[in-house]
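Here is a friendly walk through one protein model, with stops at its strands, its rings and its inner spaces. Please keep the sequence and the 3D view open as you read.

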Amino acid sequence: QKKWEIVSLFMCGAAMLTVGILIGHYGITNAPSWVKDVVRDVDESLIEKFLSEVDNIQIQENLKELTKVPHMATTAGDEQTVQLMLKRWQDPESGLDQAWREEYLVYLSFPDPKNPNKVTVVSPSETVLHTAREKEKSYTPDQDDPAVVQPYAAYSPAGHQRGRLVYANQGKPSDYLLLNQTVDLKGTIAITRYGGAGRAAKAINAAPYGVIGVLVYTDPLDINDGLMSDANETYPHSWYMPPSGVERGSFNTHYGDMLTPYLAAKEETYRIPVEDITGIPPIPIQPIGFEDAYILICELGGEAAPKEWQGAFNCTYNFGGPGFKPTSAFNNSDVKLDIFNHEKIKNSSNVMGVIKGSVEPDRYVIYGNHRDSWVHGAIDPSSGTSVMLELTRVLGKMVKQGKWRPRRSIIFGSWGAEEFGLIGSAEYTEVIYNESTRCLNSDTNPKHSFISCSANATLRASGMPSVQNVIFKAAKQVSSLKNELVSSGVSIQMGYLSGAGSDYAAFVHYLGITAMDISYTYDRSKTNARIYPAYHTAYDTFDYASKFIDPGFVSHQAIARTAGNVLIRLADSLVLPLNCSDYAEILEDYLKTAVNLYQNQLQVKHISMDPLKRAVASFRSAATHLDQVILSSDLANETPLKVRRINDQLMLLDRAFLNPLAFPDKYAFRHVIWASSSAGKPTFPGLADAYAKAESSGQPRDWDKVHYHLSVLSQAIEGAANTLLITKQ
């Protein structure tokens, strides 16, 4: 912490000094040599040098080192990775200017190694007829490591529940509603499959119907393209999940430390009572492998579930009677859950590093990736960490040799305890909340906080619309991506950071910082896999990554080159390479969808969309004007304060879209354009959700909330437009 304070003081002092020097410059006829640094733009030759020095073998060796042992948050293995990051970032020849650890005391959930969680089928005579596998099958020595944590649902309450089994598809509200129309759910255990609803939601949605426990598994249809046999179809023969593979995960809805909402989790921080925690399962829940799910589901009685509920098993998925078929060996038997999870407050560390800027050290770009994993975590997250280590090695070497120093400071973050709910990155944003007006975040974590290089297929990027151009420009320079991008004749397909799936969440939704998320992943048109099949299992190992994900590590190299290229451009460009006109285009698309979906009914309710239309038109006008100012100005010969002012407008744009009261039911979501939405419509999230609720309920108060969200949106977009118009003469 003291080191960070020193860096902050340096940045503040340097900012004051810089302003004084720049103002003084205009009274000097013969400008000193440092003036060239002030107007320096990005150096294309330096980028070419960076690209040439990124080494795929170094990335491979990084990944091998990072995955030697399991490194779940706060374990001994996690501490090993902390020390590795510090060693690399403090290296005298290729390290950063400074590196340090920041510690937080956070609320985590663990299984009891002495009392493993159990799922059994129990007969009326108390005979155990079936026991679900407690440990995944071993194919390599990695699975035999004693530090491999048994599959469990983090934050599931402990408990012992017994009841008849029912099948509830994905555990969505609509699934339980339909199931309850056929089966009395009181006192039942529901088995659900991953997908469709968040992990915790599968239990949260079940409890109101009287369900007392939940099982969750990954259906082979959703992850393996239907393949199920480890004799020749799944790992270790291919990338597909073996039958005993279990996806672990954090079963909570909110991000950040649960006991210290909106506050950094330091030792003396106020903590709410445990009973006041929300967004976690109210009933026990446990993940199992599809080999056990097959045994349970194929024995269920009752009516056949709908076609869209059917999976890959060679049997009909029934609702459950509740319970098993009369002809089953499990007839009249219950499923029993014995869950021994417990919670602890433990010390978790972020590892931070900085390369100080030469001209604007008080402005910084943040590059982050989480470090902790559920088991060995070769892809999630260590592929991203191995790339970040190579990127910092190349840039750090340039700095140490005096060949380069960025215009703006670059902060690197290796976040801790991400798997438990984005904790490390969220705590960091709560620390810097009061100084966040000086931040610009370029977070190159993909959806699940790893650089997914799966199957050597497709470059994918998500982020604010303003970052699309810089990503495309960087990607075109990477030889392994160039042909793909040019031959397709289209730009990169940009997704949006609309949920809380990775460490960008707190930066985007809480602080309103421009962010991006880059991955090189598999071609989703050729597989039904919702994510790479070893995700969060004991099979996500170096062996798996090197054989089936990226042999030769050329995709990792491509991502390192692309992400590093973007990072250099954000840190070195005289004018930040952010395009507000692309933002205007998305707002116009959202408006068009909203008008088509909602305008007629809103007119009936005497609610006008005109303010929103005017706001979007104002934003387009302001974005066009700012583009013209940038293009028509010889900024290298203008006063540096003009450049600084333009950059401030670009940097602060997303902050104009924050409204702390817009989403009272969504913890730490304040960005009115990119908040999560349950409506499933490609338009403004708050408006879409409010309209869906009002249409369903018909209540006047719900239509009032639609009007409220229209006003929130209109005024936020008008405010953003005014942010861009500050330079208008």
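Is Y155 buried or exposed? With a relative accessible area of 3%, Y155 is buried; here buried means under 20% relative accessible area, exposed over 50% and partly exposed in between, using a 1.4 Å probe and protein chains only. Before going further, note that this is a predicted model, in which local features need pLDDT of at least 70 and side-chain atom pairs count only at pLDDT 80 or more, while totals for chains, interfaces and linings use all residues. Residues are numbered from 1 along each chain as its sequence is written, and side-chain values use heavy atoms, leaving out hydrogens and water.

**Aromatic pairs**

Y155 has a ring partner in F420, and F420 is buried too, at 1% relative accessible area. Rings of Phe, Tyr and Trp (its six-membered ring) pair if their centres lie within 6.5 Å; planes under 30 degrees apart count as stacked, over 60 as edge-to-face and the rest as tilted. The structure holds 43 such aromatic pairs. The planes of Y155 and F420 stand at 85 degrees with the ring centres 6.3 Å apart, so this pair is edge-to-face. Y155 sits in the loop between strand 4 (153–154) and strand 5, and F420 in the loop between strand 14 and helix 11, so the pair ties together parts that are 265 residues apart in sequence. Helices (H or I, at least four residues) and strands (E, at least two) are DSSP runs, numbered from the N terminus.

Another edge-to-face pair is formed by Y496 and Y590, at 6.4 Å centre to centre and with 90 degrees between the planes. This pair links distant parts of the chain, 94 residues apart: Y496 is in the loop between strand 17 (494–495) and helix 14 (504–510), and Y590 is in helix 17 (residues 580–604). Y496 counts as partly exposed at 31% relative accessibility, whereas Y590 counts as buried at 10%. Ring pairs also link Y139, Y235, Y532, Y535, Y539, Y544 and F548 into a cluster.

**Backbone details**

P236 is placed in the loop between helix 8 (220–223) and strand 9 (249–250). A cis bond also joins D380 and P381, and P381 is found in helix 10 (residues 378–400). Two alanines, A417 and A668, have a positive phi. The angles are set out here.

| Site | Feature | Angle |
|---|---|---|
| D380 to P381 | cis peptide bond | omega about 10 degrees |
| A417 | positive phi | about 55 degrees |
| A668 | positive phi | near 65 degrees |

A417 lies in the loop between strand 14 (408–415) and helix 11 (423–431) and is buried, with a relative accessible area of 0%. A668 lies in the loop between helix 19 (640–652) and helix 20 (685–697) and counts as buried at 3% relative accessibility.

**Strands and sheets**

Two strands pair if DSSP finds at least two bridges between them. An open sheet of 4 strands has the order 3-2-11-5, with antiparallel pairing. Strand 3 (128–131) and strand 5 (159–163) stand at the edges with a single partner strand each, so one side of each has no neighbour in the sheet. From one strand to the next the twist averages 20 degrees; strand axes are lines fitted to C-alpha atoms, and angles run from 0 to 180 degrees between N-to-C directions. Strand 2 and strand 11 (residues 334–339) run antiparallel and are joined by 5 bridges, with K118 opposite D338 in strand 11.

Strand 13 (residues 360–370) has 11 of its 11 residues buried. Strand 13 pairs with strand 14 in the parallel sense over 8 bridges, and N369 has S414 in strand 14 as its bridge partner.

**Inner spaces**

How many cavities of 30 Å³ or more are there? The count comes to 7. A cavity is a set of points on a 1 Å grid over the protein atoms alone where a 1.4 Å probe fits but cannot get out, and lining residues have an atom within 4 Å of a point. Grid points are joined across faces, edges and corners, and a volume is the space filled by probe spheres set on the points.

The second largest cavity has a volume of about 80 Å³. Its lining includes K118, R133, E134, P151 and I288. Strand 2 (118–122) and strand 10 (285–287) are the elements that give two or more residues to this lining.

Terms used
On a 1 Å grid over the protein atoms alone, a cavity is a set of points where a 1.4 Å probe fits but cannot get out, and a pocket is an open set with protein on both sides within 12 Å along at least five of seven lines; lining residues have an atom within 4 Å of a point.
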